[in-house]
Each structure stands twice: as C-alpha cells, then as structure tokens.
Amino acid sequence: MSDNAQASAAPIVQLEKVNKYFGKLHVMQDIDLEITPGEVVVIIGASGSGKSTFIRCVNGLEEFQSGRIIVDGNELTPYGKGGKSLQTIRTEVGMVFQQFNLFPHLSVRANVTLAPTRVRGLDDAQASKIADRLLERVGISDQADKYPGQLSGGQQQRVALARALAMEPRLMLFDEPTSALDPEMIGEVLDAMRELASEGMTMMIVTHEMGFAREVADRVIFVHAGRIVEQGSPSQVFDHPQHERTQAFLSRVLKH
C-alpha cells in the first residue's frame with residue numbers, strides 16, 4: 001500500500017494508551033498505535049517481550065486494564081467489557097495461531113465450513129463453495145476430504161488460514177504462524193501469506209522470520225519489555241536501527 005493511501009485512510013486499528021498486566025508483570029505499557037486498511041504491520045522482538053499479547057488484545061482474546069482499542073469502529077473496553085463490540089470484532093477479525101487449532105474429527109472442508117454456517121448463517125452448499133475456493137487459494141484443494149492428522153504441519157496451517165479467511169475478515173492477525181513448523185514447511189505458509197498481503201489484506205503479523213518481515217511489511221514494529229521501542233519501514237528498522245535495544249536484538253537474530 002502506498003504511503004499516500006495510508007496517510008489518507010482512516011485507521012482500521014487504533015490503540016490508545018493501552019496497558020496490560022499479568023499479575024504484577026506489566027506486559028503492555030502505554031501502547032499507542034494506528035494501522036490503516038491494507039497495511040501490513042510486522043511485530044518483532046525477543047520472546048517474552050509482549051508481542052503475542054499485543055495482537056491477542058486486538059482480537060479480544062486477552063483483557064487489558066486501561067486504555068482504548070478500536071477495531072473497524074468497534075471499541076473494546078478494559079477488563080473485557082466489550083459487549084456487542086467484542087462479538088463483532090471476533091467475526092470481522094481472522095486469527096492464525098502458532099498451533100493450528102483444527103478439529104481433528106472433522107475433514108479439512110468441514111473445518112473451513114464451520115464458521116460460515118454457524119456464525120454467518122450460510123447453508124451447507126454456500127459454505128462448501130467458499131471452502132473449496134479458499135482451499136484452492138491456499139494451495140491444498142486436493143486435501144479437502146482428508147482429516148488434519150493426515151496432513152503435514154504446513155498443510156494444517158494453510159487449512160487454518162483458509163478457515164480464518166472463510167469469515168471474510170477485514171483484518172488478519174498472525175501469531176508466529178510458522179514457529180511450530182519444520183523448516184522445510186515454513187516456506188509454503190509464508191507463500192500463502194505473501195499472496196494475501198499482495199491482495200491488500202490488512203495484516204498484523206508476529207514473526208521471527210526476518211527475511212519475510214523485510215519483504216512483506218509496510219511497517220516493522222520492534223517491541224521490548226511491553227513497549228514499542230522503534231518502528232518504521234523495513235529498511236529503516238533493519239538497516240538503520242536507531243535504538244540500542246533494536247540494534248542489540250537485530251545483531252543477534254540477523255547473524256544466524
């Protein structure tokens with residue numbers, strides 16, 4: 001997405017002074033962030049820095065204690081009191097997790113059709129058409145009648161992606177979607193995400209895949225100890241990091 005288009009578009013995600021605690025641990029500290037439609041934002045940082053909590057709060061999967069989160073005009077309030085807004089966000093935001101979270105007793109097609117029939121109220125024939133189209137889109141249409149246990153990890157993660165897309169989300173969240181995969185399976189999942197980014201989907205991605213982040217991100221955000229320490233274009237953050245924390249992190253991860 002062009003810089004001019006981003007500048008003129010109203011934010012689809014807004015976080016204002018968001019604070020989140022796990023007991024006494026302050027895992028999100030006064031987070032301010034705006035994301036515009038079509039923008040791909042990649043969140044990087046060391047394990048335990050608060051990255052996954054960040055995007056789980058955006059989807060209402062984690063409560064926060066103060067501040068505001070607004071997703072596509074729907075506001076989440078502290079302590080999970082989002083009411084109707086929370087329900088709306090969960091139907092408009094797709095999320096792909098580290099683990100695939102597929103139903104093992106259902107076929108691939110049935111996993112994908114579940115949300116369209118139960119949440120969107122489509123009939124079985126309509127939902128099946130959507131599932132077939134999305135499974136083809138992510139490159140596994142030939143696996144539709146198999147069960148998750150018969151698939152590779154990369155294939156299962158692509159089923160999870162198709163399932164999330166079946167809700168026709170306005171925003172996609174990815175929580176380290178390749179971290180549970182064998183190295184040879186990572187590429188096929190990243191390829192599916194690249195295609196999604198090229199089609200203009202708004203995406204927030206937590207990942208350790210720095211090459212992928214450099215390639216697809218409009219903006220890279222470096223998080224340390226619950227704070228946004230630095231953000232900018234991939235070239236700014238990866239090639240010319242300004243903060244010493246960013247420099248130290250990248251010096252460790254980019255040399256491997």
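1. A charge is placed at NZ of Lys, CZ of Arg, CG of Asp or CD of Glu. On that basis, the mean positions of the 26 positive and 32 negative charges of the protein are 6 Å apart.

2. This is a predicted model, in which local features need pLDDT of at least 70 and side-chain atom pairs count only at pLDDT 80 or more, while totals for chains, interfaces and linings use all residues. Residues are numbered from 1 along each chain as its sequence is written, and side-chain values use heavy atoms, with hydrogens and water left out.

3. The protein has 10 helices and 10 strands. These are DSSP runs numbered from the N terminus: helices are H or I with at least four residues, and strands are E with at least two.

4. The radius of gyration is taken over C-alpha atoms, and the globule rule is 2.2 Å times the number of residues to the power 0.38. A compact globule of 256 residues would come out near 18 Å, and the protein agrees, because its own value is 18 Å. The C-alpha trace spans about 55 × 45 × 40 Å along the principal axes.

5. Buried residues make up 51% of the 256 residues. Buried means under 20% relative accessible area, exposed means over 50%, and partly exposed is in between (1.4 Å probe, protein chains only). The protein exposes about 11,800 Å², of which carbon and sulfur atoms supply 47%. Such areas come from the Shrake-Rupley method with a 1.4 Å probe; for residues, only the protein chains shown count as cover.

6. Contact means heavy atoms within 4.5 Å. Of the contacts with a separation of 6 or more, 65% are between residues 24 or more positions apart.

7. A nonpolar core is a set of buried Ala, Val, Leu, Ile, Met, Phe, Trp, Tyr and Cys residues joined through side-chain atoms within 4.5 Å. Which residues have the most contacts inside the largest nonpolar core? They are Ile44, Leu161, Met172, Phe174 and Met203, in a core of 49 residues. Helix α7 (residues 183-198) gives the largest share of this core, eight residues. A second, separate core has 28 residues, among them Val18, Ile35, Val93 and Ile221.

8. Not counting residues up to four places away in sequence, Met172 touches a list of residues including Gly94, Val96, Leu161, Leu196 and Met203.

9. Is Val189 buried or exposed? Val189 is buried, with a relative accessible area of 4%, whereas Arg194 is partly exposed at 25%. Leaving aside neighbours within four places in sequence, Val189 is in contact with Gly154, Gln157, Arg158, Thr178 and Leu181. With neighbours left aside in that way, Arg194 is in contact with Gly187, Phe212, Glu215 and Val216. The C-alpha atoms of Arg194 and Phe212 are separated by 8.5 Å, and the two residues are 18 residues apart along the chain.

10. Helix α2 (residues 51-58) is largely enclosed by the rest of the structure, because seven of its eight residues are buried. Lys51 is one of these buried residues, as are Phe54 and Cys57. Gly60, whose phi is positive, near 75°, follows α2.

11. In helix α4 (residues 108-118), the buried residues are Val108, Asn111, Val112, Thr113, Ala115 and Pro116. The buried residues of α4 pack against α5 (124-137) and α6 (153-165).

Notes. Lys, Arg positive; Asp, Glu negative; His and termini not counted.
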